[in-house]
Every structure is written in C-alpha cells, then in structure tokens.
Amino acid sequence: MQRFILVGLLLIALLGGVNWWRHRAITHAPGMLATDVPTQIDLDEAATLRRGDFTLVTRARFELTARVLSREDYRFDAGAPLAPIDLALGWGRMSDSEVLSQIEVSQGNRFYHWHVDRFPIPRREIEQSSANMHMIPADDTARRELERVRAGEVIHLQGFLVDASRPDGWRWRTSMSRDDTGDGACELVYVESVEPAAQ
C-alpha cells in the first residue's frame with residue numbers, strides 16, 4: 001500500500017514539474033516589446049454564440065499585441081467551463097522588462113494584482129497599459145494555443161469582447177474600456193487566434 005502511495009506522490013510531483021516547465025516564464029532584455037494599445041471596434045449589431053449552457057453576445061471586435069505578465073488557470077469556479085485561463089497582459093511601458101522588474105504581479109480569484117515599493121512609471125499608466133483578461137477559446141485550436149502561452153511571452157490575439165450568461169441567471173459582462181479598474185474591469189475575450197508576436 002505504501003508503495004502505491006509513493007508512486008502516486010511521485011507521479012503528482014512529475015506532473016507538477018512538467019506543468020511548471022511548460023509554463024516557465026520567458027525573460028527579455030529591457031525595452032518595450034508591445035508598443036501599440038489594443039484595437040477595439042464596437043459592434044452596432046451583436047451576434048449570439050452558444051457554448052454549452054452559455055450564451056455569448058459579441059460587443060466588439062478586439063485585437064492586441066501584448067506581453068503576458070502572468071497567467072492563471074481555473075478549473076472549479078463558475079466560469080471555468082467557459083474561460084479556463086486568465087492572462088494578465090501589458091503593453092506600452094508595461095511590456096518593458098526594466099519597468100516590470102519593479103512591479104510585483106499576481107493573479108487570483110479572477111483578478112490581477114500589482115504592487116510597487118515605488119512607482120517606475122505613473123500609477124495611471126500602469127492601470128491603462130495592463131489588464132486581466134478572461135480567455136474563452138473559440139475552438140480546440142484556440143484552446144491549444146492558449147494552453148501553450150507562457151508568462152513573459154509576447155502574443156498577438158484576435159477575437160471579440162463578449163458578455164456571457166446562462167439560463168439560471170448567471171451573468172458575466174466584459175469591460176469595454178482599458179481605463180477602468182477594480183471589479184468589472186476585466187475583459188471577457190472570445191479568442192479566435194493567439195500566437196507568438198513577431199519580434
């Protein structure tokens with residue numbers, strides 16, 4: 001019996017190590033890696049999409065090139081079947097290693113948090129040049145692409161900002177602005193494609 005327990009613990013440790021290796025952070029020399037702000041085209045006419053019990057309503061066409069500041073996978077919360085991955089993303093000076101070396105970034109409970117001892121850039125610039133985004137893969141290809149994304153990577157993403165709901169009354173609304181902060185400030189992104197950005 002003890003042998004089976006030991007083998008089980010070794011397998012868990014091995015899987016944890018493989019997962020860490022797959023998602024280990026990528027490092028870069030100082031300098032902005034993603035200079036442009038996200039592109040958003042608000043839609044006059046929304047489309048409705050179905051994903052299992054979820055109904056998605058498109059709000060805007062969305063595209064960005066950004067550095068992945070952090071990623072967090074979700075399996076057990078109400079949104080996990082729809083959006084299993086959150087990416088904290090940065091652009092402009094929030095994609096510069098010199099700036100980011102002075103900012104502590106973390107994620108949890110569907111939020112992105114940052115902390116500084118002293119501001120390397122103005123607070124408002126941090127708020128407007130980074131965001132936590134909930135990722136809804138459009139298909140199996142997009143899911144595989146998202147599963148490969150690593151912290152530090154510079155990615156190019158295309159899709160839609162969407163609102164989500166279920167028949168039981170559960171709702172999840174996307175932010176429509178990069179200027180907001182706090183509860184409700186995260187983007188809910190229907191991801192059609194995500195790939196490493198050309199450097």
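**Side chains and pockets**

Modeller: The Gln107 side chain reaches the backbone nitrogen of Glu72 at 3.3 Å. That is a polar contact (N or O atoms within 3.5 Å; within protein, one able to donate a hydrogen and the other to accept it; residues adjacent in sequence count only if both atoms are side-chain atoms). This is a predicted model: local features need pLDDT of at least 70, side-chain atom pairs pLDDT 80 or more, while totals for chains, interfaces and linings use all residues. Numbering runs from 1 along each chain as its sequence is written, and side-chain values use heavy atoms, without hydrogens and water.

Biologist: Which backbone oxygen does the side chain of Gln107 reach?

Modeller: That of Asp86, at 3.4 Å.

Biologist: Is Gln107 buried or exposed?

Modeller: Gln107 is buried, because its relative accessibility is 12%. Buried means under 20% relative accessible area, exposed over 50%, partly exposed in between (1.4 Å probe, protein chains only).

Biologist: What about Thr58, buried or exposed?

Modeller: Thr58 is buried, at 5% relative accessibility. A polar atom of its side chain lies 2.8 Å from the backbone nitrogen of Ala47.

Biologist: Which residues does Thr58 touch, beyond four places in sequence?

Modeller: Among them are Leu43, Leu49 and Phe160. Contact means heavy atoms within 4.5 Å.

Biologist: New topic. How do the residues lining the largest pocket divide?

Modeller: Into six nonpolar, six polar and five charged. Ala, Val, Leu, Ile, Met, Phe, Trp, Tyr, Cys and Pro count as nonpolar, Asp, Glu, Lys and Arg as charged, and the others, Gly among them, as polar.
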